[in-house]
Amino acid sequence: MERTLAVIATLVACRGSQPAAPAHTAYDPMPTVIAGAFPPDRGPDGNSVVLRAPRGLIVVDTGRHPAHQDKLLAFAHAVGAPIAAIVNTHWHLDHTGGNARLRAVYPGAEIVATRAVEGALVGFFPNGRAQGDALIASGKATPQQIEDIRLGRAAVDDTRNLLPTRPIARTGAVDIAGRPLELHVAPFAATEADLWIYDAATQTVIAGDLVVAEVPFFDSGCPQGWRAALGEIAATPFVRLIPGHGEPMTRDAFARWRAAFDALLDCAASTADGATCVAGWRTGAAGFIPAGDEARIDEYTTYYVTEILRSPAAHERFCHPLRAE
Ligand SMILES: [Zn+2]
């Protein structure tokens, strides 16, 4: 709250008749995390990170549900600054589903992302849509599942708010809304081309789903590319890392999480029983799995070990550009 008030004071001061201070000193550089929820009966919302910039706010990832976007819009309203840019770390709908709602209020907000979503629109979303339609037709979907399916369908149909207005093809320094940031492109990691951010001003990594505290969401993941991306993150001099889901991490916490990730991949590549790999993740990632959530995380890990990490077809599919199936 103190920080918010300081920003409001700064913004008010800037409207006076004094000559403007250099732009890079006129905002609080520290990121604000709007945490994503992961309730048991719904799909998750990814974490959003809001960065102040000379020309407004940069919102990294926009969540899936309207309740999450309400928090983002309330924050922008509270600090009295427009949302000038959206950065999507990857195309999963728990990170991009809110783009349309934010741009309905701030139509000038650019979308900064890689073009990997183009492959998802022909090679991943159509499958998901067919599965969602089948679940609704079966009569077995819960009201929450039906709502999530409908939200997803609306987001996928609205390609204008999913495709980047400013496509990022490679790692490099960029200026977004007047704020310098380092954008890193990780090929074939959690998705075909994940974007992660290093903010040198605050020594912060915004990792997107390259780091998911509870369990790496391997739904469209390529194991070896993902492992390499974590090595690149470790090579930056960050002091705080904001994951796609879960609490911010110190360097030590990230190192522990990364060791558990590597051990999971090593186990899956060995002849060990699948249950051994699942138990290994639970032990290695102790402290990252919220109390009471162990059984659900075991289900996720079992699915990823069986259907992705030990599936040559999944490697073929997700370690190459997505295409129509
Ligand atoms: Zn996510």
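## Salt bridges

A network of salt bridges links Arg42, Glu147 and Asp148. A salt bridge here is a side-chain nitrogen of Lys or Arg within 4 Å of a carboxyl oxygen of Asp or Glu. The model is a predicted one, in which local features need pLDDT of at least 70, side-chain atom pairs count only at pLDDT 80 or more, and totals for chains, interfaces and linings use all residues. Residues are numbered from 1 along each chain as its sequence is written, and side-chain values use heavy atoms, with hydrogens and water left out.

In total the structure holds 13 salt bridges. Three of the pairs are listed below.

| Pair | N to O distance |
|---|---|
| Arg55 and Asp175 | 3.9 Å |
| Arg115 and Glu118 | 2.8 Å |
| Arg282 and Asp298 | 2.7 Å |

The pair of Arg282 and Asp298 joins helix H10, which holds Arg282, to helix H11, which holds Asp298, so it ties together parts that are 16 residues apart in sequence. Helices (H or I, at least four residues) and strands (E, at least two) are DSSP runs, numbered from the N terminus. Arg282 has a relative accessible area of 33% and is therefore partly exposed. The scale is set by a 1.4 Å probe on protein chains only: buried means under 20% relative accessible area, exposed over 50%, and partly exposed in between.

The salt bridge between Arg55 and Asp175 links distant parts of the chain, with Arg55 in the loop between strand E2 (48-53) and strand E3 (56-60) and Asp175 in strand E7 (residues 172-176), 120 residues apart. Arg55 is exposed at 55% relative accessibility, while Asp175 is partly exposed at 39%.

## Zinc site

Four residues coordinate the zinc ion at 2.1 to 2.2 Å: Asp94 (OD), His95 (NE2), Asp209 (OD) and His245 (NE2). Donors are N, O and S atoms within 2.8 Å of the metal (3.2 Å for Na, K and Ca); water is not among the atoms, so sites may look incomplete. The angles among the four donor atoms run from 86 to 155°, and the site is irregular. For four donors, tetrahedral requires all angles to lie between 85 and 135 degrees; four count as square planar and six as octahedral if opposite donors are over 155 degrees apart and all others between 65 and 115, and anything else is irregular.

The spacing of the donor residues in sequence is D-H-x113-D-x35-H. Asp94 in helix H3 (residues 93-96) and His245 in strand E11 (residues 240-245) link distant parts of the chain, being 151 residues apart. Both Asp94 and His245 are buried.

## Two helices

Helix H9 (residues 251-269) has 19 residues and spans 27 Å between its first and last C-alpha, close to the 27 Å expected at 1.5 Å a residue. The expected span is 1.5 Å times one less than the number of residues in the helix. Buried residues of H9 include Phe254, Trp257, Phe261 and Asp262. Among the elements that cover the buried residues of H9 are strand E10 (204-212), helix H8 (223-234) and E11.

Helix H6 (residues 125-138), with 14 residues, reaches 20 Å from first to last C-alpha, close to the 20 Å expected.

## Individual residues

Arg179 is located in strand E8 (residues 179-187) and counts as buried, at 1% relative accessibility. Its side chain reaches the backbone oxygen of Pro29 at 2.9 Å. Residues that Arg179 touches include Tyr27, Asp28, Leu51 and Asp199, where contact means heavy atoms within 4.5 Å.

Asn99 lies in helix H4 (residues 99-105) and is buried, at 0% relative accessibility. The side chains of Asn99 and Thr62 are joined by a polar contact of 2.8 Å. A polar contact is a pair of N or O atoms within 3.5 Å; within protein, one must be able to donate a hydrogen and the other to accept it, and residues adjacent in sequence count only if both atoms are side-chain atoms.

Glu299, in helix H11, is exposed, with a relative accessible area of 58%. The C-alpha atoms of Glu299 and Arg160 are 35 Å apart, and the two residues are 139 residues apart along the chain.

How values were computed
Lists of a residue's contacts leave out its neighbours within four places in sequence.
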